[in-house]
Amino acid sequence: MAEATYPATGEERPEGAAVAETNVEGRDYYVRFSPYHRLSHFVMMTTFIGCALTGPPLKYSYDFWAQAMMGFWGGVENAGLIHRVMAGFMVADFVIHVLYLGYHIGVKKAKIFGPDSIFFWKKDLTDALGMVKWFFDRGPRPRFERFTFWEKFDYWAVFWGIAMIGTSGFALWFPTVTSTLVSGIFLNVARIIHGDEAILAIGWILFVHLYNSHLRMNVFPMDPVIFTGRMPIEHVKHDKAAWYDRLVREGKIKPE
Amino acid sequence: MQSNTGEKMNRTGVGTPRPRRRIARVAASASFLAVLMLGLFVGVASAQDVEGCLICHGDPNFTDPTPAEDQQGADLSLYVDSEQFLNSVHNGLKCSDCHEGFLLTIPNHQLDMDKDFRQVAIEACEGCHQEAFQKYQTSDHAQRFYEDQAGPICISCHGSHAIRRVNLGEESADFKMSMARDSCGQCHVNKFEQASHEFHFKALSLGYERAATCFDCHGFHDNLALTSGEPETVEACRQCHPGANKGFTYFQMHLEEGFQNAWWGVRVVYYFFSTLLVVVLVTGIAYTTVHFQKETRTILGVFGRGAGRLFGFIRHLEEESVREREGRPNGPEDQSKDEPEDDDRGML
């Protein structure tokens with residue numbers, strides 16, 4: 001049904017190549033993220049920012065900036081409402097994603113360990129070691145597959161974060177329900193976990209995720225792939241060489 | 001105000017027959033006139049000072065003119081800040097409405113010197129605030145006061161001349177927080193410090209007036225020490241958390257910052273997550289930093305050897321600035337030899 005040609009050149013392309021490639025402003029792109037992936041990340045990002053801007057003023061309430069920030073939100077009650085609404089959407093996004101994952105593994109029988117999978121496999125370990133070697137000029141930059149190990153780490157960190165921050169957050173949101181299930185001392189425990197993990201998440205996003213995804217010299221000043229879904233083919237070739245080779249081998253993109 | 005004077009005060013007592021009564025009478029008239037004259041010059045602040053007490057007590061340097069012999073240290077200040085008093089809830093009352101049983105002489109003194117001034121103070125408040133007084137009698141505070149005078153009395157928490165106007169049930173967050181800090185927290189230093197790490201005080205300090213302060217749980221006047229699992233503690237929690245059960249009261253409001261006084265499970269969680277926070281963030285930031293130095297060196301085209309590899313770019317920048325100073329053109333020709341095979345060069 002679809003025209004089996006490369007939009008950039010009009011040349012024929014093999015079966016299965018479908019919408020893998022698109023042409024914008026004279027550049028060839030590979031569609032890396034589906035609209036669902038983009039929406040899912042967008043919801044996660046906005047709700048995370050919403051929570052990260054409304055939560056810390058309460059944790060650090062005695063600091064000068066906390067008063068101003070709470071004033072900006074219009075008081076503790078409003079900030080709390082925003083925090084809870086954001087958290088609700090975030091958890092919903094997460095639950096939908098777990099269903100998505102279950103559907104792909106359970107129904108579509110997607111391979112759990114493989115080059116297209118988000119699950120860690122042994123190549124990630126060698127890639128990480130190779131990356132450290134490359135940092136100190138002891139070897140070439142590893143030839144990455146579709147998901148690099150830091151991308152996978154950021155992805156799985158969300159699972160840990162939702163489990164820790166989400167659970168403790170709901171425990172604090174409904175304290176009287178919590179105390180019917182466990183002793184009230186677990187509200188103290190939940191407060192510790194919620195705050196510590198939130199600081200960890202915010203610190204990780206600011207210092208590690210933003211750098212690796214946007215500030216690396218390969219993508220500086222920003223990598224729009226997670227919002228547009230499209231990755232320039234030349235970028236694929238340089239940043240994820242093994243994936244590029246595989247895409248060419250599978251006939252999904254035209255070699256440059 | 002209260003006075004700690006001893007024997008000396010008797011010389012000012014009334015009705016004591018004295019040989020030179022006429023002179024005394026003249027002196028009294030003269031001082032009465034002086035008081036009248038002074039009164040003309042005292043401003044707005046003393047508009048309500050119908051008894052003229054502030055003529056002397058409005059002077060910030062006014063101290064007890066007849067100090068007790070055993071009094072140590074600085075003179076007892078008898079100054080009353082009239083502005084504070086005018087802003088207080090008691091604005092409109094006469095001084096003698098509270099300071100009952102004081103002789104209207106100069107200087108004024110308490111009639112019954114055997115009575116402790118604190119007892120006098122309690123009775124002064126009792127005159128109007130009988131309900132609060134009755135409740136106070138049942139409190140831990142009163143028990144300690146009547147035992148060995150160690151417990152607080154009305155003025156210990158409320159202050160004396162600057163008692164603020166407040167509508168019960170409509171206290172502002174600022175009022176609640178300042179009562180906790182400036183009244184309860186003056187004696188219960190640790191308890192206040194510990195509670196300030198918990199949600200209620202944090203929200204209060206950000207202006208959320210519905211959050212509980214000390215007296216919302218512990219009550220006021222009939223203050224209670226609350227213990228986890230006790231029925232009165234459940235009642236205290238239920239005022240705001242209607243569904244609170246016995247288990248709910250095992251939430252600890254007064255834990256130290258490092259959780260040293262907490263159940264061991266809390267400490268384990270605290271240590272685990274603090275360690276995790278530090279280890280993960282330090283690892284992540286170290287990784288990013290090492291990545292960053294590699295990229296910086298690649299961009300600048302600098303490659304060193306050994307330990308200098310990590311900071312080669314700093315050397316490069318120094319050399320560059322030296323070259324600039326000496327007016328020589330850039331030329332790091334010799335460095336290109338060390339360059340390793342690198343895909344990324346093409347991306348620059």
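Helices and strands here are DSSP runs, a helix having at least four residues and a strand at least two. Read that way, chain A of this predicted model runs β-β-α-α-α-α-α-α-α-α-α-β-α-α along its sequence. Chain B, by contrast, has 15 helices and 0 strands. The two chains touch: 46 residues of chain B are in contact with 41 residues of chain A.

**The two chains**

- The secondary structure of chain A comes to 11 helices and 3 strands.
- Chain A has 256 residues, and 29% of them are buried.
- In chain B, which has 348 residues, 19% count as buried.
- Take the contacts in chain A between residues at least 6 apart in sequence: 57% of them join residues at least 24 apart.
- For chain B, 51% of the contacts with a separation of 6 or more come from residues 24 or more positions apart.

**Where chain B meets chain A**

- Contacts between the chains involve 46 residues of chain B and 41 residues of chain A.
- On the chain B side, helix 11 (199-205) and helix 14 are the elements that give two or more residues.
- Helix 14 of chain B gives the most to this side, with 18 residues.
- Sorted by class, the side of chain B that touches chain A holds 24 nonpolar, 14 polar and 8 charged residues.

**The nonpolar cores**

- The largest nonpolar core has 28 residues. Within this core, Val189(A), Ala190(A) and Ile193(A) touch the most other members.
- Another core, of 18 residues, lies apart from the largest one. Its members include Val76(A), Phe201(B), Ala211(B) and Cys214(B).
- Which residues does Val189(A) contact, leaving aside its neighbours within four places in sequence? They are Gly265(B), Val266(B) and Val269(B).

**Helix 13 of chain B**

- Thr233(B), Ala236(B) and Cys237(B) are buried in this helix.
- Seen down the helix axis, the buried residues of helix 13 of chain B fall within an arc of 95 degrees, so they line one face of the helix.
- An α-helix has 3.6 residues a turn, so residues three or four places apart point the same way.
- Pro231(B) and Glu232(B), on the other side of helix 13, are exposed.
- The buried residues of helix 13 pack against helix 12 (214-218) of chain B.

**Two valines in chain A**

- Val158(A) sits in helix 6 of chain A. Is Val158(A) buried, exposed or partly exposed? Val158(A) counts as partly exposed, because it has 17 C-beta neighbours inside 10 Å.
- Val158(A) and Met44(A) are 114 residues apart in sequence. Their C-alpha atoms are 9.2 Å apart in space.
- Val98(A) has its place in helix 4 of chain A. Val98(A) counts as exposed, because it has 11 C-beta neighbours inside 10 Å.
- Val98(A) and Phe159(A) are 61 residues apart along the chain, and 9.5 Å separates their C-alpha atoms.

Methods:
Residues numbered from 1 in each chain as written. Chains lettered and ligands numbered in written order. Predicted model: local features only at pLDDT ≥ 70, side-chain atom pairs only at ≥ 80, totals over all residues. Core = buried A, V, L, I, M, F, W, Y, C linked by C-beta atoms within 7 Å. Buried ≥ 20, exposed ≤ 12 C-beta atoms within 10 Å, placed from the backbone. Contact = placed C-beta atoms within 7 Å. Arc of directions from axis to C-beta. Nonpolar A, V, L, I, M, F, W, Y, C, P; charged D, E, K, R; others polar.
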